[in-house]
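Open your viewer and get the cartoon view ready. We will walk through a sheet and then the helices beside the sheet.

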Amino acid sequence: MKIPFNINSRVIDLELKPNETLLSVLRNNDYTEVKCGCNEGECGACLVLLNDKPVNSCQVLAMSVRDKKIKTVKGIGTIHLPHLIQKAFVEAGADQCGFCSPGMIIASYSILKETDNKPTKEDIKRGLDGNLCRCTGYVKIVEAVEKAATLSAEAKTPEAVCSDM
């Protein structure tokens with residue numbers, strides 16, 4: 001069956017099976033920026049924003065997202081037009097192998113939005129809980145979120161860190 005999906009502010013009809021997860025539908029339709037990690041909701045690699053709330057897409061039935069807004073990391077910024085969070089990850093050296101980066105950036109976006117771009121270190125650690133990185137520790141990732149908050153304060157433009165694109 002086909003149902004409409006609102007993905008990154010674009011409505012498209014996608015084919016799905018009744019028991020298919022959102023992760024599977026996204027991956028099968030070339031939204032490969034959403035990574036398939038553990039497929040059990042443990043690692044955060046498949047994190048997307050669903051009506052502006054972070055969810056593990058591997059734990060969401062695709063049929064349940066009808067009429068909801070889905071945002072992947074490409075809905076936040078692209079390689080040619082990176083978001084301040086993505087710039088901060090690169091500048092802080094927090095992008096590492098890149099597998100967990102989409103989920104980390106989605107979580108960071110949510111942290112900054114929920115804290116009005118003024119997160120404490122504890123806000124960041126709590127917000128990143130559930131996002132696993134197998135490359136190294138989380139020091140650079142936490143620094144990247146702090147840097148994104150600083151860049152947002154310095155930007156003083158309509159493209160503040162957590163404004164919608």
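In which sense do β3 and β5 pair, and over how many bridges? They pair in the antiparallel sense, over 2 bridges; two strands count as paired if DSSP finds at least two bridges between them. Before you go on, note that this is a predicted model, in which local features need pLDDT of at least 70 and side-chain atom pairs count only at pLDDT 80 or more, while totals for chains, interfaces and linings use all residues. Residues are numbered from 1 along each chain as its sequence is written, and side-chain values use heavy atoms, leaving out hydrogens and water. Helices (H or I, at least four residues) and strands (E, at least two) are DSSP runs, numbered from the N terminus.

**The sheet**

Now select the strands. You have an open sheet of 5, in the order β2-β1-β5-β3-β4, with mixed pairing. At its edges lie β2 (10-15) and β4 (53-56), each of which pairs on one side only. From one strand to the next the twist averages 40°.

**Strand β3**

Next, pick residues 47-50, which form β3. On one side, β3 pairs with β4 in the antiparallel sense over 4 bridges, and here Leu47 stands opposite Asn56 of β4. Look across to β5 and you will find Ile70 opposite Leu50.

Turn on the side chains. In a regular strand they alternate between the two faces of the sheet. Here Leu47 and Leu49 point one way from β3, whereas Val48 and Leu50 point the other way, and all are buried (under 20% relative accessible area, with exposed over 50% and partly exposed in between; 1.4 Å probe, protein chains only).

Then step into the hairpin of β3 and β4: it has 2 residues between the strands, and Asn51 takes a positive phi near 50°.

**The helices**

Select 101-114 for helix α4, which lies across β3, β4 and β5 (69-71) and runs at about 40° to β3. Axes are lines fitted to C-alpha atoms, for helices over the stretch in contact, and angles run from 0 to 180 degrees between N-to-C directions.

To see the contact (heavy atoms within 4.5 Å), show Met104, Ala107, Ser108 and Ile111 in α4, which meet Asp123, Ile124, Gly127 and Leu128 in α5.
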